[in-house]
Amino acid sequence: MKITLNTLCSIVIAFNLVIANAIAEPNTQAAVAMPDSYSADIAIDILKSGGNAVDAAIAAQFVLAVTLPEAGNVGGGGFMTVYKDGQADFLDYREVAPQKAHRDMYLDEHGNVIENQSLYGILSSAVPGTVDGMWQAHKKYGSKPWQELVAPAISLAEQGFVVHPKLEENIQWRINSFNEEGVNVNFGKYFASAKTGVVFKQPELAVTLKRISKSGRDGFYKGDTATIISKFMQEHGGIIGMSDLAEYKAIWRTPIQQQWREYQVITAPPPSSGGIAILQWLKMYDMVKPDTTTLQHNSAQYMHLLAEIGKRVFADRAEYIGDPDFVSVAQAQLINERYITSRAKGISANAISVTESIEPGLKESEDTTHFSIVDQWGNAVSNTTTINYTFGSGVIVEGAGFILNDEMDDFSVKPGVANVYGAIGGQANEIQPNKRMVSSMTPTILLKDNKVKLVTGSPGGTTIITSVYQSILNVVEFDMNAEQAVNTPRFHHQLWPENEIRHYSGIDKRTLDSLQKLGYNFQQSKFGDVQLISRKDGVLDAASEENGRGKSIVIH
Ligand code: DON
């Protein structure tokens with residue numbers, strides 16, 4: 001859904017502010033692309049009342065912890081890419097492994113992976129990073145009082161919000177699948193009563209949010225909330241303790257900034273694999289596509305070349321990416337022009353590379369959520385946040401009312417064993433205390449002549465990377481507007497399963513036939529929920545992918 005606000009009387013006051021600002025700075029437009037209507041409405045309110053993009057992001061993050069519990073969170077983590085006052089920045093508020101975690105913690109005495117233990121239940125949770133992340137973002141860039149930014153979430157938790165049909169559907173799916181798999185968690189106790197069209201309240205979460213509002217990060221990592229979490233852990237066999245919480249720190253990192261065509265791409269560095277991956281994908285595409293013509297969008301040739309690149313991108317991802325505070329990641333080499341040229345060499349327009357032959361190249365050595373914001377000053381936030389799988393570990397901290405993540409599954413629990421997204425990893429991503437697990441989250445901003453051209457991102461595990469680079473190509477290479485760029489069918493290939501292309505419905509049958517002749521097989525399903533803002537001829541455009549429950553708003 002997309003709304004363009006320019007006549008509604010409810011924004012008259014804001015209009016005055018915007019116009020006043022326009023005297024100093026001619027850029028008076030703002031836009032949000034959000035994964036639900038509550039976060040969209042609150043974010044736009046913050047922007048209209050003079051808040052900047054980071055203020056709006058903080059308020060939205062807390063609202064999503066209430067209204068989009070599949071992924072919104074205070075019990076998870078994420079990444080925020082920021083472009084503020086002409087400077088690029090990146091906040092890593094990814095969860096870390098608890099101090100008592102160890103490399104083989106999900107293996108039995110025979111060295112076999114214990115089914116589901118890194119994915120569901122109390123042992124699947126890593127130390128949450130979201131609250132410290134928002135606190136650090138506020139300290140560095142916030143302009144409105146912290147309490148004002150947490151307040152909307154408190155009232156939605158305390159007074160309740162009207163449940164969207166997709167939320168009820170997801171809750172029922174999760175409860176049934178937990179039952180079918182014999183997973184014993186307290187998720188149903190907290191969420192089974194949420195029904196479409198009916199107000200749903202979360203009183204325990206409201207109290208936790210009030211402590212966060214009053215005491216900032218200490219309202220979560222110290223005092224009552226921390227005591228409730230660590231007691232709950234002790235009583236239920238978990239391993240997150242008071243010192244894990246007290247010592248958690250979100251980290252400001254240098255974002256990856258690279259030129260691609262006439263754009264400056266600002267994107268996620270390790271422990272995300274996404275920034276390196278999208279740059280390899282975009283740059284290698286320019287090396288293998290025909291020199292003189294633009295390939296037809298979603299044609300067999302286009303899909304094959306991008307799948308071939310995907311094989312190489314994911315071979316590197318599995319081998320080289322890890323927490324840069326623990327392993328040395330050859331970031332510069334992996335996005336170096338010469339290296340990417342050498343990787344592109346084996347790609348043929350007419351044949352699929354043998355999967356086993358694709359090795360990492362440096363010889364010597366469905367739930368997350370995303371939102372995009374541009375404020376009236378031209379600052380931008382691209383934020384992806386997660387508790388990992390839909391509704392995370394399925395465990396709610398009793399007495400504190402929030403869902404714990406199952407981010408431990410993003411580590412490589414055993415070399416060569418795939419995680420829930422089919423991603424494999426090795427030593428670089430093995431479990432160590434306090435280490436961050438590799439992520440695919442890729443919040444990205446493109447600038448042209450130092451002005452925001454595109455803000456994009458998506459959930460979807462490893463498919464995030466695909467959703468992001470294809471949304472960029474859709475806008476830049478195929479000149480699509482925001483609505484088209486998020487909704488046009490996408491396709492994904494990640495080296496394994498062998499030659500499998502996962503794709504949306506809507507890809508031409510003849511295209512699939514040609515790809516099948518080349519040797520591809522297919523899995524048809526949607527992935528991702530792209531929230532995108534673009535600027536064309538000076539005008540902002542925003543869109544939320546139609547399969548989600550997102551809402552985007554542009555103010556002119
Ligand atoms: O950080 C990651 O890459 C994953 N934990 C993201 C999970 C996700 O996108 C789930 N969404 N469908």
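How much area do domain 1 and domain 2 bury between them, and what part of it lies on carbon and sulfur atoms? In this predicted model, local features require pLDDT of at least 70 and side-chain atom pairs count only at pLDDT 80 or more, whereas totals for chains, interfaces and linings use all residues. Residues are numbered from 1 along each chain as its sequence is written, and side-chain values use heavy atoms, with hydrogens and water left out.

The protein chain is divided into domain 1 (30–252 + 370–406) and domain 2 (256–366 + 441–555), with bounds that come from an automatic or database domain assignment. The C-alpha centres of domain 1 and domain 2 are 27 Å apart. Between them the two domains bury about 3100 Å², of which 66% is on carbon and sulfur atoms; buried area here is the accessible area (1.4 Å probe) that two parts lose on being put together, summed over both. On the side of domain 1, the residues that lose the most area to domain 2 are F79, Y83 and H370, which together account for 18% of what that side buries. Contact, defined as heavy atoms within 4.5 Å, involves 44 residues of domain 1 and 38 residues of domain 2.

At least two residues of the domain 1 side that touches domain 2 are supplied by each of β2 (30–34), α2 (37–48), β3 (77–84), β4 (87–92), α6 (165–181), β10 (368–374) and β11 (380–386). Helices (H or I, at least four residues) and strands (E, at least two) are DSSP runs, numbered from the N terminus. Strand β11 gives the largest share of this side, seven residues. By residue class, the side of domain 1 that touches domain 2 comprises 22 nonpolar, 15 polar and seven charged residues. In this division Ala, Val, Leu, Ile, Met, Phe, Trp, Tyr, Cys and Pro count as nonpolar, Asp, Glu, Lys and Arg as charged, and the others, Gly among them, as polar.

The structure holds 26 salt bridges, each being a side-chain nitrogen of Lys or Arg within 4 Å of a carboxyl oxygen of Asp or Glu. Two salt bridges are found across the interface of domain 1 and domain 2. K551 and D41 form a salt bridge in which the closest N and O atoms are 2.6 Å apart. In the salt bridge of R261 with D286, the corresponding separation is 2.7 Å. R261 lies in the loop between β8 (256–260) and β9 (263–267) and D286 in helix α12 (residues 274–288), so this pair ties together parts that are 25 residues apart in sequence. R261 is partly exposed, at 29% relative accessibility, and D286 is also partly exposed, at 26%; buried means under 20% relative accessible area, exposed over 50%, and partly exposed in between (1.4 Å probe, protein chains only).

A salt bridge also joins K448 to E262, with the closest N and O atoms 3.9 Å apart. Salt bridges that share partners join D92, R253, D325 and R436 into one network.
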